[in-house]
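Here is a short walk through one protein model. Keep the 3D view open as you read.

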Amino acid sequence: MSAGGGTKAIIAALAANAGIAVAKFIGFAITGSSSMLAEAVHSVADTSNQGLLLLGQKTAQRKATRLHPFGFGRDRYFWSFVVALMLFSLGSVFALYEGIHKLQHPSELDSPIVAVAILVVAIGLETYSFITAITESKKIKGDVSWWGFIRQSRTPELPVVLLEDAGALLGLVLALLGVGLTTLTGDAVFDALGTIAIGVLLGIIAVILIIEMKSLLIGEGASDADLDIICDELAAGKVQRVIHIKTQYIGPEELLVAAKIALEPQLPLDEVAQAINDAEQRVRNKVPHARLIYLEPDLDRSIITTP
C-alpha cells in the first residue's frame, strides 16, 4: 500500500476529531456531563494521534544514513506505538478516573438536550471518518477478515485509524446512552457509568494496538503467502533450491530478504552473478515490496556424493 490511502484516512479523521473535540468541550461547559468531558478528552487524544501518524509518515521518508543504513521506515511503527500509548493514557485512564469520580460525587446535568445534539452531530462526523478509513482499507485488505487485516497488516496507519474510529463511534453511543438515561431518570449514576464504559472500551482498543505495534517494532517477516512466492521465484532458473531464508519488514513498504541458495555446481563466476541477478528480478516482479534482497550462493550439499 502506498502511504496515500493512509494519509487520506488520517486527514479525514483529524478534521472530524478536531471539530468534534471543540463541540464536546462546549457541551461539557454547558451541561457538566462527565461522559461529555471523557469524550472531549478522547477526541483531543484522537486528534493528537492523527497528527503523530502524519509525523511518522513524514519522518519515515528521510534518506538512509551511515548510522541508519536501512532508512527510517520504522518511524511509522514507532509513532503508531506512541499513538496507542496516548490512547491508553489520555483516553482510557482519564475516562476511568472521571467516571469513578462522578460515581462518588454525582451531580445533575444542565441543558442535557445540548449534549444530546452535540453527540448526534459527532456521530455523523465520526461515521464519515470511519467510512473513509473502511474505503481506503478495502483497497488493500484482500480476502482476509477485518480482524485479520488489523492483525496482519504491515502498514500501521489504517488499522490504527480503523480501531480509533470504531472506538470513537462506540464511545459516542455509550455517552449518548449515559446522558439519555440520566436525563430520563434524573439519576447521574448513568452518566458516570457511561464514562467508565468509555474508559474500558478505549483501554481494550489501546491494548490491542500496543500489542500489534510492538510486534511490528520488534520486526515481522513476510506473510506466509509472500514467503511461498519468494521461495518459488528464487528456486528457478539455475537455482536448485533455497537452503534457508529470512525476511523482515524494515518499513511498511520495504521488505528485506536474505537467503542462501543452492546453484548448479561448476557454474562460471559470470553465470553465478547472472543467476543471482535473475533470481532477484523474479522476486521483485512478483513481490514489489521486496526491495532489499541479499543472496548467498552455495552448493546443495544434501545431494553431493563423495566418490
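The radius of gyration is taken over C-alpha atoms, and the globule rule is 2.2 Å times the number of residues to the power 0.38. By that rule, a compact globule of 307 residues would have a radius near 19 Å. The protein chain has 25 Å. Its C-alpha trace spans about 95 × 35 × 35 Å along the principal axes.

This is a predicted model: local features need pLDDT of at least 70, side-chain atom pairs count only at pLDDT 80 or more, and totals for chains, interfaces and linings use all residues. Residues are numbered from 1 along each chain as its sequence is written.

The protein chain holds nine helices and three strands. These are DSSP runs, numbered from the N terminus (helices: H or I, at least four residues; strands: E, at least two). From the N terminus on, the order is α-α-α-α-α-α-α-α-β-β-α-β.

Helix 3 (residues 75-104) packs against helix 7 (residues 189-218) at an angle of about 160 degrees, their axes 7 Å apart. Axes are lines fitted to C-alpha atoms over the stretch in contact, and angles run from 0 to 180 degrees between N-to-C directions. That angle makes helix 3 roughly antiparallel to helix 7 (the term applies over 145 degrees).

Three of them form an open sheet in the order 1-2-3, with mixed pairing. Two strands pair if DSSP finds at least two bridges between them. Strand 1 (239-251) and strand 3 (292-299) are the edges, each pairing on one side only. Strand 2 (residues 254-263) runs parallel to strand 3, and eight bridges join them. In strand 3, Pro297 stands opposite Ile261.

Conventions: Heavy atoms only, no water. Parallel < 35°, antiparallel > 145°, perpendicular 65-115°, else oblique.
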